[in-house]
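Here is a short briefing to read alongside the model. Take a moment with the structure, then follow the points below.

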Amino acid sequence: MITVTALSLPLRTDRLLLRGYRDGDLDAALDYYADPKVARYLLEDPWSWKYGQEQIDKRVDHTDIDKPGSALALVVEHKREVIGDVALWPTDAALSRGELGWVFHPKASGKGFATEAVRALVGLAFGHYRMHRAVAQLDARNTASARLCERIGMRNEAHLRRDWWSKGEWTDNLIYGVLADEWIA
Ligand SMILES: CC(C)(COP(=O)(O)OP(=O)(O)OC[C@H]1O[C@@H](n2cnc3c(N)ncnc32)[C@H](O)[C@@H]1OP(=O)(O)O)[C@@H](O)C(=O)NCCC(=O)NCCS
């Protein structure tokens, strides 16, 4: 296993700031996670206050990837306002493969903010954590997420039919992937 130096946060991109969660982040997160349109292609239902608090409590501890089961969960801010969040977690014991997740407030849509934040996260996966592969899994109907994957250079590697039980039905699942050497090239 490759040893990595401590992660330095917050992370800044051209327009965004990516930081760890704080206890006070529930209201800002509920503002989009409680929206059924946002939750449409997530495996979870729209957040209630109680469920949201449990999620924030977990995410406050997701500050680094250092062992199986760990995760890096980051709040994304634009001009000091929370507009979404991204997460990276390892999918193997050697921490050499990672999975990415993202959820953004509809008010921030259509400006490339999610693309910019996810690019930074993939940069961390390969540049900081030295992973060799990163994937994203999405409901096949989630065309906005698929476009995001393609914009940042991920490849559609699989279309798994009726692979997820989501909101009362079996749904198709897309797997997008990118390799470290492709990313660096
Ligand atoms: C998935 C999700 C983040 C995509 O949001 P988005 O607004 O399409 O993504 P971005 O913020 O990267 O914006 C990209 C759009 O802005 C446009 N854009 C404008 N300026 C841009 C810029 N500087 N850079 C890149 N794109 C830009 C792009 O053309 C693109 O529009 P298009 O897809 O119609 O071509 C959002 O729909 C979401 O949070 N959905 C709910 C949660 C969810 O489903 N999460 C994923 C689970 S797998």
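**Around the ligand**

Helix 5 gives the most to the shell around the ligand, with four residues. Helices (H or I, at least four residues) and strands (E, at least two) are DSSP runs, numbered from the N terminus. This is a predicted model, in which local features need pLDDT of at least 70 and side-chain atom pairs pLDDT 80 or more, while totals for chains, interfaces and linings use all residues. Residues are numbered from 1 along each chain as its sequence is written.

*The shell*
- The ligand is surrounded by 19 residues, the closest being Phe104, Ser109, Gly112, Ala114 and Thr115; a residue counts as near if its C-beta atom, placed from the backbone, lies within 6 Å.
- Two or more residues each come from strand 6 (97-104), helix 4 (113-128) and helix 5 (143-151).
- By class, eleven residues of the shell are nonpolar, six polar and two charged; here Ala, Val, Leu, Ile, Met, Phe, Trp, Tyr, Cys and Pro count as nonpolar, Asp, Glu, Lys and Arg as charged, and the others, Gly among them, as polar.

*A helix pair*
- Helix 1 (residues 26-33) packs on helix 3 (residues 49-60) at about 120°, with the axes 10 Å apart; axes are lines fitted to C-alpha atoms over the stretch in contact, and angles run from 0 to 180 degrees between N-to-C directions.
- Leu26, Ala29, Leu30 and Tyr33 of helix 1 meet Trp49, Gly52, Gln53 and Ile56 of helix 3, where contact requires C-beta atoms, placed from the backbone, within 7 Å.
- Six of these contact residues are nonpolar, two are polar and none is charged.

*The whole protein*
- There are six helices and nine strands in the protein.
- Its C-alpha atoms fill a box of roughly 40 × 40 × 30 Å, taken along the principal axes.

Notes. Contact = placed C-beta atoms within 7 Å.
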